Amino acid sequence: MVAAVAVGTGLSACQPPLKSQLPVGQAAYQSINATVQPVALSGPYLLRAGDRISVNVYQEPELTMTDLPIDETGTISLPLVGVIHAAGRSVDDISGEVQRSYAKRFLRNPQVSIMLRQASVRTLSVEGQVAKPGQFAIEPGNNTLLSAVAMAGSPSNDAKLNEVLLFRTINGERVGGRFDLTAIRAGRMADPQVLPGDVIVVGFSSLRGAYRDILQAAPIVGLFTRF
């Protein structure tokens with residue numbers, strides 16, 4: 001028995017618990033939501049970096065662009081007009097600005113229409129003690145912490161359910177909170193909304209890991225006998 005415990009302790013030591021100092025409880029919710037605006041579930045689509053659009057200027061083929069990507073800075077570059085910030089704006093909003101710019105200096109009564117050709121994929125990452133860690137595509141307003149962990153195959157048997165870390169970048173600052181999946185599942189705590197770019201880390205339970213390793217090592221040290 002002592003040998004089995006020693007083996008289990010040694011094996012589980014290879015995977016230390018997170019021991020996070022992130023805020024917990026209501027402070028965790030405030031940390032990730034304090035400066036985040038509610039996600040609009042209706043209204044016009046807002047463009048983002050990686051999207052591809054078309055810009056049509058009526059009867060002006062030199063100014064028409066059929067496939068224009070929005071770059072990593074969230075901008076596009078148009079003939080004569082130059083650089084325009086597109087991320088976080090609707091196609092109608094940008095169409096109006098481009099049309100006014102052409103009318104002001106270059107064209108008489110221009111007619112500009114901008115359309116979304118292809119939306120970029122938005123993802124979050126789930127790491128740690130889950131069955132299938134990786135990146136997963138989501139849309140704002142459609143996913144919560146529980147559903148994100150479920151996409152990763154749910155927590156493993158060694159997961160520490162009260163130490164699930166959620167990291168988020170808000171206005172260029174990295175923030176995070178520590179959440180308890182058991183309390184969320186039981187309805188004692190709210191299931192926080194997750195957003196594209198979030199990183200979720202499910203912690204490791206050294207106690208569960210040691211118990212698992214003892215059971216795995218048992219046939220080797222002859223702890224149990226089959227009947």
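## Basis

The model is predicted: local features need pLDDT of at least 70, side-chain atom pairs count only at pLDDT 80 or more, and totals for chains, interfaces and linings use all residues. Residues are numbered from 1 along each chain as its sequence is written, and side-chain values use heavy atoms, with hydrogens and water left out.

## Helix H3

H3 spans residues 91-105, 15 residues in total. Helices (H or I, at least four residues) and strands (E, at least two) are DSSP runs, numbered from the N terminus. From first C-alpha to last, H3 reaches 22 Å, close to the 21 Å expected at 1.5 Å a residue. The expected span is 1.5 Å times one less than the number of residues.

Ile 94, Ser 95, Val 98, Ser 101 and Tyr 102 are buried in H3. They lie on the same side of the helix because they cover an arc of only 130° around its axis. That arc is taken from the directions from the helix axis to the C-beta atoms. Buried means under 20% relative accessible area, exposed over 50%, and partly exposed in between (1.4 Å probe, protein chains only).

The cover over the buried residues of H3 includes strands E1 (52-57), E3 (75-78), E4 (82-85) and E5 (112-118). Contact here means heavy atoms within 4.5 Å. The face turned away from the buried side carries the exposed residues Asp 92, Arg 100 and Lys 104.

## Salt bridges

The whole structure holds 6 salt bridges. Each is a side-chain nitrogen of Lys or Arg within 4 Å of a carboxyl oxygen of Asp or Glu.

One of them pairs Asp 67 with Arg 52, with the closest N and O atoms 2.9 Å apart. This pair links distant parts of the chain: Asp 67 sits in strand E2 (residues 65-69) and Arg 52 in strand E1, 15 residues apart. Asp 67 is partly exposed at 36% relative accessibility. Arg 52 is also partly exposed, at 30%.

Glu 97 and Arg 89 meet at 2.6 Å, N to O. Glu 97 counts as partly exposed at 25% relative accessibility, whereas Arg 89 counts as buried at 16%.

Lys 160 and Glu 163 form another salt bridge, 3.4 Å from N to O. Lys 160 is partly exposed at 30% relative accessibility. Glu 163 is buried, with a relative accessible area of 5%. Elsewhere, salt bridges that share partners join Arg 52, Asp 67 and Arg 117 into one network.
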